[in-house]
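Welcome! Take a look at it first, then read on.

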Amino acid sequence: MPTSLIDADSVLAIEIGTVSTRVILFDVVEGRYRFLGQGSVPTTMGAPSNDVSVGVKAALDQLHDITGRVLFNSEGQLVIPSQPSGIGVDACVATVSVGPPLKVVAIGLLEDVSAESAKNLASTTYARVMETMSLNDRRGLLECLDTILQIHPDLIVVAGGIEGGATQSVIDLLEAVGMACYLMPKERRPEVLYAGNSALVKDVQASIGTLVNLHIAPNVRQSFDSEQLTPSQPALAEIFRQVRSRQIQGIQEIDLWTGNHLMPTATAFGRTIRFISKEYAHTHKGVLGIDVGASATTVASAFSGDLRLSIYPGLGLGENLPEILNLCTLGEIMRWISVDVSDKYVRDYIYNKALYPTSLPITAEELATEQALACQAMYLAVRQAGKAHPADRPGSMPGLLPWFEPIIASGSVLSKAPSRNQTLMMVLNGLQPTGVTTIALDRNNLAASLGATASVTPLLTIQSLDATNFVNLCTIISPVGNAPLGTPILRVRMSGDDGVESEQEIMYGSLTAFKLPQGQAGTLHLTTLHKFDVGMGGFGRGGTVKVIGGVFGVVIDARGRPLRLPAEPSRRREALNKWLTTPGSG
Amino acid sequence: MQAPITHFKPAAEIQRERIMPGGGRIVARRGQQVNPIDVVAESVLRPEHMLLDIGRGLGLSPKDADHYIQRRAGDEVGEGDVIAGPVGIGRRVVRSPRSGTVVMAGGGRVLLELEGEFVELKAGYTGVIADIIGDRGVLIDAVGSLIQGVWGNGKINFGLLSLLAHAPDDILTPGLLDVSLRGSVLMAAYCEDEKVLLTADDLPARGMILASMDSALVPVALNMSYPIVLVEGFGKLPMNQDAYDILNSASRREVSVIAEPWNRITNTRPEVVIALPDGVRPESLTESSPFSIGQSVRVISPPYKSMVGTLTNLQQGLSVIPSGLRTQTAGVRLLNGDIVQVPLANIEIIG
């Protein structure tokens, strides 16, 4: 019998989402962590239960039925750590995305500098910035005071002054905050996060520390031209935990199970992506994670451990869905729909889905519409998040995604799509990767839970980031350049490690799949026939690259970057349907 | 697991909380009879403050000025009232430029909260105030026929019900609206023309109950002065038979239209309450139940959206539905006798 090197054995991960509550059990089997099973029920934040712990317990009952594991004692309490009798679990982690976005007021010295950083920091959690205030604000003290009182924010983020920079102006900015908080009932005062000039921490504490629940985080603007959001994110996650514990019944109980380590789902997702980026640091590319959920779409891009996290509640596929119409035109959504439906149908679908976010598409038209919405949500989210990418990353080109390796796609709309072809096309159309990359699907939607477990049992995270949970859809090569449609732009010769060779000329505008069994290694020899960048170091440069086969083998996406779809609707649908079947069946 | 129940009840005892987002002043009292547009609580809509520099006004340092401030936090002041002073031979004083309440005094300054515009919380229901909920709102007991909607434009009103739909899927056109409907609550099936909404506003109508509406009309509907409730949703959807039958039998009865947006966190949703004729005994409401065979349910998505029926079976395990998704399904016997399999996630219990 193998001896386990692992101390903390079983781990229960709880994920309370807007639509579903999931509980996942991991345990050590034959010396390594395994995903043993999960329970999933609708989230019970709203009527009739109004208590998320009711859903968690129902999901745990389901888990008990599936795995046979007894988790509660006779008093109905979760047993942590597990008993010699086998009852209970050794550790529990939880993530939360349910609930309305936090209402935030962002304050900074200069509107385009530190106020922008305060806004950016807020966007790394489930938040909506309702108002921004700065020194170059035309409003006076009283107007700012009245604005804060009217908004009644959950959180005020203050980011002012570079290190060694302005001092008094920052304190002046806090006057309206202090007055507003003084005028609010104590139990309804907002949390205040100060992430400005560290020399002012004592002054800030003296100024408003007795009035509010003040949190201090590292300065997000150490210097005028650099923004560092990551060091402040733990403080923000802690604030989120505290606010949600007050707002949502049942959160406190779950938080206690975790030893007060409950965290935002997106933060946990970001942790996993950051972790993977360290493993992939040798590629000199970043790792991109995208999670399309009901409450928000989350983009996590990490470059050798440096995480950029952006959460877009307006791009969630649940109750907020109609907000997408404020961010793009209906036509921009329609362009991804492969069946013939009217504008009116799509708009009505969006509004009806917001009324019943848990409903599932029954017809092909509904499914195509939902997938088009997911595609557009990803498209908008990565373009918005791209503003935070370092400018000097390999493959950076204006308006295009820089090179990433790998890209991790998560969220039920992707993982539960009826076919992997649909998943792949949502990801390719929505993200439009460039260069050479691997697309991996988080098939059990574990990425966030694994991020949460990293602090308790890092080994679980490491061992679970494997092909069992993250399916390699394909290695994708996306040439960038310009040529008339149908022009040969690339010659590809693929040699599998099994000795099988294939060669093909790639035409501009095509999507081509090369068979390479899943997990099997191969070598691609790329010869450019036109001035295209295929991710080998510049325009017109070819080369050789080692690849691993995925569900669809290796895919050459020569449809162009940015992807241009036929303008005529029937031709566009024809193209979308053709591409849906091109990579073969997954 | 418990699932919420959507109500289409001919006669029901209804208890509803009416709550403001923040604190304010409760103007109703326990036991008071209210109608839907009675104000039960109010709070300041847009807080407005004024900072008076007492030191400057009196020609003193902030520290010295504090000795001359006559008002404390919580004091109400009228326009022209002395706030600080007198000082010196000239007996300089600082007066309040407007009426309001002193909320902060010290450091040579006085902060006044000015009397501003109030936002009013309406009762929404015809009933009796059963309880006062702190400084946030009231609990109301009401009785009536109850129809719960799925979308509302945020307004509340009441009036006599006028029926404009002769079938659950009639289209409401501007030509059907005339001056005889002034002051009425209009019941119709489907609206796809913004002229209908605008004409109703011009009458003015006191409310509109629709089965469904074109979603393109949402921005217009939100701007109407009268409440609009959708019973089914967006797109051309017929009204479910249960709701249609209740409304169809309530012509010229008083109806309250509470077009609150559906909010699952605060447990508010759009509702229509119709006064009961004498002698009808209301039933108490059950708010939730586990799914079980024989229950009345409504399908909430195409191709059977807004159809009601009876739950005939709950499939164990997962089934593949026409879109290709795998999910737990349930059998529903529709009113026309057809039995259809739909995802359990796409049906709701009605009762």
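Where chain A meets chain B, the contact draws 38 residues from chain A and 43 residues from chain B. Keep in mind as you explore that this is a predicted model.

**The side of chain A that touches chain B**
- Helix 3 (141–151), helix 4 (168–183), helix 11 (343–355) and helix 12 of chain A are the elements that each give two or more residues to this side.
- By residue type, this side of chain A holds 23 nonpolar, nine polar and six charged residues.

**The nonpolar cores**
- The largest nonpolar core has 258 residues, and Val157(A), Val158(A) and Leu210(B) touch the most other members.
- Helix 12 (residues 364–385) of chain A is the top contributor to this core, giving twelve residues.
- Beyond its neighbours within four places in sequence, Val157(A) is in contact with residues including Val104(A), Ile107(A), Leu121(A) and Leu193(A).

**Two helices that pack together**
- Two packed helices are described by the angle between their axes and the distance between the axes.
- For helix 12 of chain A and helix 14 (residues 420–431) of chain A, the axes come within 7 Å and cross at roughly 35 degrees.
- The crossing of helix 12 of chain A with helix 14 of chain A is right-handed.
- Helix 12 of chain A brings residues including Ala374(A), Met378(A) and Val382(A) to the contact, while helix 14 of chain A brings Met426(A) and Leu431(A), among others.

**Backbone features to look for**
- Most residues other than glycine have a negative phi, and most peptide bonds are trans.
- Glu405(A) and Pro406(A) are joined by a cis peptide bond, with omega about -5 degrees, and Pro406(A) has its place in strand 14 (residues 404–410) of chain A.
- Another cis peptide bond runs from Arg561(A) to Pro562(A), with omega near -10 degrees; Pro562(A) sits in the loop between strand 22 (554–557) and helix 17 (569–581) of chain A.
- His152(A), in the loop between helix 3 and strand 7 (155–159) of chain A, has a positive phi near 50 degrees.
- Is His152(A) exposed or partly exposed? His152(A) counts as partly exposed because it has 17 C-beta neighbours inside 10 Å.
- Asn267(B) also has a positive phi, near 60 degrees, and lies in the loop between strand 22 (254–258) and strand 23 (271–274) of chain B.

Definitions and conventions: Residues numbered from 1 in each chain as written. Chains lettered and ligands numbered in written order. Predicted model: local features only at pLDDT ≥ 70, side-chain atom pairs only at ≥ 80, totals over all residues. Core = buried A, V, L, I, M, F, W, Y, C linked by C-beta atoms within 7 Å. Buried ≥ 20, exposed ≤ 12 C-beta atoms within 10 Å, placed from the backbone. Helix = DSSP H or I, 4+ residues; strand = E, 2+ residues; numbered from the N terminus. Contact = placed C-beta atoms within 7 Å. Axes fitted to C-alpha atoms, helices over the stretch in contact; angles between N-to-C directions. Left-handed = near helix turned anticlockwise from the far one by under 90°. Nonpolar A, V, L, I, M, F, W, Y, C, P; charged D, E, K, R; others polar.
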